[in-house]
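Me: Could you take a close look with me at one part of this model, the sheet and what packs around it? I'd enjoy a connected walk through it.

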Amino acid sequence: MGNNSKKVYLAGAIEYAEDHGATWRKTAQELLEKKNIEVFNPCNAEIKLVLEKHKLKDATEFKSLKNKDIHRYIECMRDIKKLDLAELSSSDVVLVYIDKVLCTKPNSGTSGELTLANHMYSIPIIALIADDITMIDIPGWLLACFTKTVDNLDSAIKVIEDERSWTRL
């Protein structure tokens, strides 16, 4: 990638999301990479990390740890948190998918990421709002972190490509 390359961190619900947030991230990653934009997709990186470092068979075994061996699960989550925050701190922009899960279930990871990106790292946050979500549905803490909101992935990519549009809401 050239000198003008950007790195995008894909944030959003994972733990309680129906498909662990994989589908929208896969689509976003493919579209961004076609534009030569580097992407950190935590869905891919986190599972690879726990499988390799913690010698687990697959994602199902990792997810079952929460009920079977909470201490080992916490150890895995600490490694995931360390990886994610390192990637976040080196990103140029965050693209977060705001869906019902993020608005109704506990999502401390995403809230923490957005707070750090916004407050500590001054990283612009582009919020991709799902069709069934209104601004009123979104927790105020998250709203205060957003730089821009968009309602489709194509619009999000245009904003990511044009740094001049990264001014606050």
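In which sense do strand E1 and strand E3 pair, and over how many bridges?

Reply: Happy to! This is a predicted model, where local features need pLDDT of at least 70, side-chain atom pairs count only at pLDDT 80 or more, and totals for chains, interfaces and linings use all residues. Residues are numbered from 1 along each chain as its sequence is written, and side-chain values use heavy atoms, leaving out hydrogens and water.

Strand E1 (residues 7–12) pairs with strand E3 (residues 93–98) in the parallel sense, over 5 bridges. Strands here are DSSP E runs of at least two residues, helices are H or I runs of at least four, both numbered from the N terminus, and pairing takes at least two DSSP bridges between two strands. Within this pair, Val 8 stands opposite Val 93 in E3.

Both strands belong to an open sheet of 5 strands with parallel pairing, ordered E2-E1-E3-E4-E5. Its edge strands, each pairing on one side only, are E2 (38–40) and E5 (148–150).

Helix H4 (residues 70–89) lies across E1, E2 and E3 and runs at about 135 degrees to E1. Such angles run from 0 to 180 degrees between N-to-C directions, with axes fitted to C-alpha atoms, for helices over the stretch in contact; contact means heavy atoms within 4.5 Å.

Leaving aside neighbours within four places in sequence, Val 96 is in contact with residues including Ala 11, Gly 12, Leu 114, Ile 125 and Phe 146.
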